[in-house]
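Welcome, and please open your viewer. We will go from one selection to the next, with a short note on what to look for at each stop.

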Amino acid sequence: MRAGRSLPVESGLRSAGGLRTRCGLEGLRNRLFRSGVAVITIKPGFVDTPMTAEVPKNVLFASPRRVGRAIYRAIEARRSVVYIPWFWRPIMFLVTALPESIFQRLRL
């Protein structure tokens with residue numbers, strides 16, 4: 001399933017778990033819509049936390065403060081899906097739009 005594709009080849013199981021979570025949230029969001037309950041799927045990129053302390057930082061990393069503000073704005077706006085930081089949305093659109101035959105040849 002292309003929507004569940006992840007960048008590193010080694011993270012196939014993580015991708016499958018993420019796909020299951022995404023589908024579950026979509027179902028819950030649709031089921032609760034008429035009751036006024038908002039269910040938001042938050043897709044954070046790399047966050048500079050103690051868990052990533054040993055990972056070399058680059059422009060793809062966001063501060064916890066920035067991520068928290070973005071989550072707050074998503075809740076206030078009652079968004080369905082939010083990518084944090086915003087630039088992950090077009091990146092992941094391109095990744096999932098690639099034909100699998102091309103994606104398999106990439107060295108990501």
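Rings of Phe, Tyr and Trp (its six-membered ring) pair if their centres lie within 6.5 Å; planes under 30 degrees apart count as stacked, over 60 as edge-to-face and the rest as tilted. Keep that rule in hand for the aromatic stop below.

Before selecting anything, note that this is a predicted model, in which local features need pLDDT of at least 70 and side-chain atom pairs count only at pLDDT 80 or more, while totals for chains, interfaces and linings use all residues. Residues are numbered from 1 along each chain as its sequence is written, and side-chain values use heavy atoms, with hydrogens and water left out.

**Whole chain, as cartoon**

Of the 108 residues, 26% count as buried; buried means under 20% relative accessible area, exposed over 50%, and partly exposed in between (1.4 Å probe, protein chains only).

**Aromatic cluster**

Now select Phe-46, Phe-61, Trp-86, Phe-87 and Trp-88, which form one aromatic cluster. The pairing rule gives a count of four aromatic pairs. Zoom in on Phe-46 and Phe-61: their ring centres are 5.3 Å apart and their planes are at 25 degrees, so this pair is stacked. It links distant parts of the chain, with Phe-46 in strand 2 and Phe-61 in strand 3, 15 residues apart. How exposed is each partner? Phe-46 is partly exposed at 42% relative accessibility, whereas Phe-61 is buried at 12%.

Slide over to Phe-87 and Trp-88, where the centres are 5.8 Å apart and the planes at 40 degrees, so the pair is tilted. Both of these residues are buried.

Next, pick Thr-52, in the loop between strand 2 (46-47) and strand 3 (61-62). Is Thr-52 buried or exposed? At 12% relative accessibility, it counts as buried. Beyond its neighbours within four places in sequence, Thr-52 is in contact (heavy atoms within 4.5 Å) with Val-47, Lys-57 and Phe-61.

**Nonpolar cores**

Val-47 belongs to the largest nonpolar core, along with Ile-40, Ala-62, Val-67, Ala-70, Ala-74, Val-82 and Ile-84, eight residues in all. Such a core is a set of buried Ala, Val, Leu, Ile, Met, Phe, Trp, Tyr and Cys residues joined through side-chain atoms within 4.5 Å. Helix 2 (64-77) and strand 4 (81-84) are the elements that give two or more residues to this core, and helix 2 has the largest share, three residues. A second, separate core of six residues includes Trp-88, Met-92, Val-95 and Phe-103.

**Last stop: Gly-18**

Finally, select Gly-18 in helix 1 (residues 12-32), which is partly exposed at 39%. Draw a distance from its C-alpha to that of Lys-43, 25 residues apart along the chain: 9.7 Å separates them.

Terms used. Helices (H or I, at least four residues) and strands (E, at least two) are DSSP runs, numbered from the N terminus.
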